[in-house]
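These are my notebook entries on a structure I went through element by element. They record what I looked up and what I found.

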Amino acid sequence: MNRQVLLFITLLSFDSVFGQVSYSIPEEMAKGSLVGNIAQDLGLEIKRLMSGKAKIYTRNTDEYIELSRERGVLLVKERIDREVLCTETALCALHFQIILENPMEFYTVTVQITDINDNSPTFEKNEMKFKISESAINGAKFVLERAVDLDVGVNDIQNYNLKPTDNFALKLHNKADGNKNVEIVLQKPLDRENQEQISLVLTAVDGGEPQMSGTMLIVITVLDANDNAPVFTQPTYKATVTENSPKGTVVATVTASDADQGSNGEITYSITNTLDNIRKLFEVNKENGEVSLIGNIDFEKSRHFQIHLLASDDGGLTDSCKLIVDVQDENDNKPEINIMSKSTVISEDAKLNTVVTMINIEDLDSGENGNVKCFISENIPFTLKTSTNNFYSLVTDSELDRERASEYNITVSCSDEGVPSLSSSVTLTLQISDVNDNAPVFERSSYEAYIVENNTPGLSIFTVKARDADWNQNARVSYILEDSSVNGVPVSSYVSVSADSGVIHAVRSFDYEQIKDFHFRVKAQDGGSPPLSSNVTVKILIQDQNDNPPQVLYPVQTGGSLVAEMVPRSANVGYLVTKVVAVDVDSGQNAWLSYKLQKATDRALFEVGLQNGEIRTIRQVTDKDAVKQRLTVIVEDNGQPSRSATVIVNVAVADSFPEVLSEFTDFTHDKEYNDNLTFYLVLALAVVSFLFITCLVVIISVKIYRWRQSRILYHSNLPVIPYYPPRYSDTLGTGTLQHVYNYEVCRTTDSRKSDCKFGRAGSQNVLIMDPSSTGTMQRIQSEKNILDEPDSPVEQKPPNNDWRFTQGPRPGPSGPHMPYGTHIRWTPKSGTRATGGPEVAMGTGPWPQPPTEAEQLQALMAAANEVSEATATLGPGTMGLSTRYSPQFTLQHVPDYRQNVYIPGSTATLTSNPQQQQATAQQAAQQALPPPQASAQPEPPKAAQTPASKKKSTKKEKK
C-alpha cells in the first residue's frame, strides 16, 4: 500500500507559522494505522509537539484522524468509508488543522481518501418488466435501469452484458457526465404466437480487483402492435429555484407527445433517478409533467440537481429527458466564529504582536453573502490580523499595564455583506497577569516624629506606610532600616522598624541633653523577583523633659574652705554684693531659672534678683549689722514639676580683711551641718542597728537548730552523704545578676564531731571562672579537717589580686558597679582569707586603711540586707552565703538608701538617677586609670574621704 505525501510550507508576515501537508491513504484502513509522520514532514521536533500541546482542530464533529504527540505521527482513529464520507464526489479528502501553542502555530493537513473495490454493482430493482408489441420494428430501443456502484474510477461499472441475445442486443451510450445509458435494441421481430414472454439477464461488471458484478432480470411480454413511442419536446430542460422555497413550488413542466391514439397514446411521467435523493426533494405529476418541491432545498448542501424523467405509453414505448435545476443562494447563514486556540491569561510585559487567540470564521453562504469582515471593540490594546482565508489572529498592538486594567472583555464581531447583513459575535475574557514593575511608594516624601526623652525602650514612635500598585506577592511590602550611624553609633541601637507594619520603635531611652534629633532612612521593599524598593528619610526630634535640676556655677561650693563676699559698711542701698550664676542643661521653659532667698541671717538687709540672681542690699548697712551673714539662695527652674538647687553665700560685712579673718576664725565646718541630714543619719543608724540585732537572733536560732539536727544524726546510724553544691557562673552580659557575689562553700561529711568541712587549697584559694570556659575548679591539693584540729593557726597574709581595687570601685556613695565575673572563694574556718598566687599585685603590702564611719555604716546596711536574704534559704545540706566586709565591698549589694541624702563637705552626691550614676561611674573609672609615668608598684589605695573623715581632718588642721 503506497502512501503519498505532499508538503507545503507558507510563511506569513507575522508571528504565527502556517503550513500545509497532504497525505493519501486508502479507505477501510484499520484503527491505529499510520497515516504519516507529521513531525518529520513539518520539520518539527517531538518535544515541540509536547510543549506546544499540539492538537487537531476540525470543523466537523466526526474525527477520523488522531495525533500521537509522543511519536509525532497521524493515526487512523475511526474506520473510513469513502462511500459514506463522500457520497457525491469522486475525490474525497479530510481537511483539518494542527494547532500548537507557546508560540501559537497552526498547519493545514489534507488526507486524500482513495477508493478500493469494496462495493459490487447493484440494480435498484431485481426485476424489470416490459410490454412490447409484436409490431415493434427492428431497431426499437428500450431503456433499461442502469446499475449503481458506489466505488469510483476503475472500481466503478465498466461494462454490461446481456444474455440471451436472440431477439435483443445491448447498446450503451456514454453521457457527458461519465455515466452510461443502457438500452436493449430489438434486432429480430417478435412473434407473440411463437414466444409470448422473453426473459433476459442483464449483468453489470466493474473493473476492480477482484472483479465484482450485479445482475437484473428483464421480463418482456409481447403485445399487440403499438408502433409509436412518446417523444419529449426537448431532450434537456433547465430551471432555477431559490433555496428555502416552500414545499409545493413548481420548478418546471416537461411535455411529451405520442402519435398513437387511444390507450397507446396516453403518456405517463415518472422520475427515474435512483442514486441520489432526488425523489425525496422533487416529484412529477404523472399526467401533466409538472415537477414540484416536496422537500427543503439548501444551497449550502447542493447547488444544482439533475432530474431524469421518463415518458411511457400504455403500449410500453418510452422516451426520456433530463431536467437541470440550479439553486440560488440566499443570505440565511450567520458567520460562524470558531475559537481555534486561546489564552485566558497574558503577562503585562508581553511584547507587541503577541498572539492571544486564533479564530476561524466560516459563512456557508456564497458570493457577497459569504464575504465576512470582523472587528473588535475600540480603545483596547489589541487588534485583529487576518492570516489566510477566514483565519484571524488576535494580537497585542500596544503595551499592557495590569495596574491600569487587570482584565479585558474583548468582543469579536463578524458580519457578512448580504442583504440584509447577518452578524455574530463572541466575547473573550483575558486576564492580565502581574509583573513586578512598580516600586513601593511612601505616602510622604519625608517624615518627622517627636518623642519625649526618658521614654521606655520599645515604645512605638510612629508608623511609615508605603503602597505598591502591583498585586499579590509583588505588592507585599517589607520595611527595612538602612544601615547608618548617629554620632558614630549604629542607628539600629536607637530605633527599630517592624518589617510587616512599618512601626518604628525606640530601642533605647533618649536623653535630650545628649542628642536632640537624628536622621535615618527606611527602605520599603516588595516581594517580587527581583524585588523593587524605595526609601524615605525619617527625622526623630527629641522633646525635652524637666529631668535635670539647676547647677550652680558661682559661687563655687567647696567642702574644706570658706568663701565669703565682702560688703563695706558704707554700702548704699542697691549695692551689688555678688551674683549667683546657675545653668540648667534642659531647654525651653525647663531651663528658665528663678532665684529666691530661702534663708538669711538678716532678711531685711539683702534681696536676690528673681531673674538675674543678683544679691543686692535693700537698705543702708549700719554698724549694728553682724559681720557674718549667711544667705541660702534657692534656684528653681520653670518645669513641671520644677526642680531646684540651693547655694549658701557667706557675706562678710566689714571694711578690712583682718576684721573678716578674726570673725571667721571660729567659723568651722562642724557647725554647718544641716539639721535634716543629721536627723536622717541618726534614723538610718537606728534602723541598721535594729536589723543587725534581728539578724544575730536569727543566726543564733539557725545554729541551735542545726546543732539539734546534728545530735539526731549522731544517735542514728544513717550515713551522711556529702553534698557538693554546683558551681555558679554568670555569663557575661546575659545574666540578670550583674554584680560580684562571694560564696563560702561548705560540704557536709559523716563526721560525728562537725557538720561542715572546709576545703583549703595549698597553692591557690581564689578561682576566677571565665563564663566562656568549660573548665572545672582546680582540685584541692590537700584537705584538712579543721574541726579535728581546732587550734591550728591560720596566718594572715596580704590580700591577693582579687582584693585589688582602684579609685573607681572604692566604697563610697559614688563608686561604680563592679566588673562582671564569678568569684568562688574558699575560706578557712577562722574567717581569714588565704594568700593569693604569685600574680598578686599588692605584694606583701599592708591591708588598706581601716574603713571610715560612712563605710562602716554602709557595711552594716549591706549586712542586714544579705543576712535577711540568706536566712530565707538556710537549710541542711544547702550552700550558705556569708559576706566578707573588706575594701572590695561595693554598694551594688546594698539597697539604694542614698536617695535624697546630702553629706555636707563632700563632693559626692547620693542620688538614684541612673544617668548621673553612670556619669559618675565613668568619671571615677577615668580617674582610676594610672598616669603614663606611674610606677609598676602602685601604692595601696586610700579610703574615700567621707564627711566624717573630713571632719576629723579639719579638727587636726585647727589644732
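I took helices (H or I, at least four residues) and strands (E, at least two) as DSSP runs, numbered from the N terminus. I worked on a predicted model, in which local features need pLDDT of at least 70 and side-chain atom pairs count only at pLDDT 80 or more, while totals for chains, interfaces and linings use all residues. Residues are numbered from 1 along each chain as its sequence is written, and side-chain values use heavy atoms, with hydrogens and water left out.

Entry 1: positive phi.
I looked up Asn244 and found it in the loop between β17 (236–242) and β18 (250–253). Asn244 is not a glycine, yet its phi is positive, at about 65°. For accessibility I used relative accessible area: buried is under 20%, exposed is over 50%, and partly exposed is in between (1.4 Å probe, protein chains only). Asn244 counts as partly exposed because its relative accessibility is 43%.
I then turned to Glu28, in the loop between β2 (18–26) and β3 (34–36). Glu28 also is a residue other than glycine with a positive phi, near 65°. Its relative accessible area is 26%, so I noted Glu28 as partly exposed.

Entry 2: Ile80.
I located Ile80 in the loop between β6 (73–76) and α3 (82–85). Is Ile80 buried or exposed? Ile80 counts as buried because its relative accessibility is 2%. I noted that Ile80 and Glu28 lie 52 residues apart along the chain, with 5.2 Å between their C-alpha atoms. I then listed contacts (heavy atoms within 4.5 Å). Setting aside neighbours within four places in sequence, Ile80 touches Ile25, Glu27, Glu28, Tyr64, Ile65, Leu85, Leu94 and Ile113.

Entry 3: strand β7.
I found strand β7 (residues 92–100) mostly covered, with seven of its nine residues buried. I counted two strands as paired if DSSP finds at least two bridges between them. Strand β4 (residues 55–57) pairs with β7 in the antiparallel sense over three bridges, and Tyr57 stands opposite Gln97 in β7. Strand β8 (residues 105–114) runs antiparallel to β7 and is joined to it by nine bridges. Across that pairing, Ile98 stands opposite Tyr107 in β8. β7 and β8 form a hairpin with four residues between them, and Asn102 in the turn has a positive phi of about 55°.

Entry 4: cis peptide bonds.
I recorded a cis peptide bond between Ser529 and Pro530, with omega about -5°. Pro530 is in the loop between β42 (517–526) and β43 (533–543). I recorded another cis bond joining Gln640 and Pro641, with omega about -5°. Pro641 is in the loop between β51 (628–637) and β52 (644–653).
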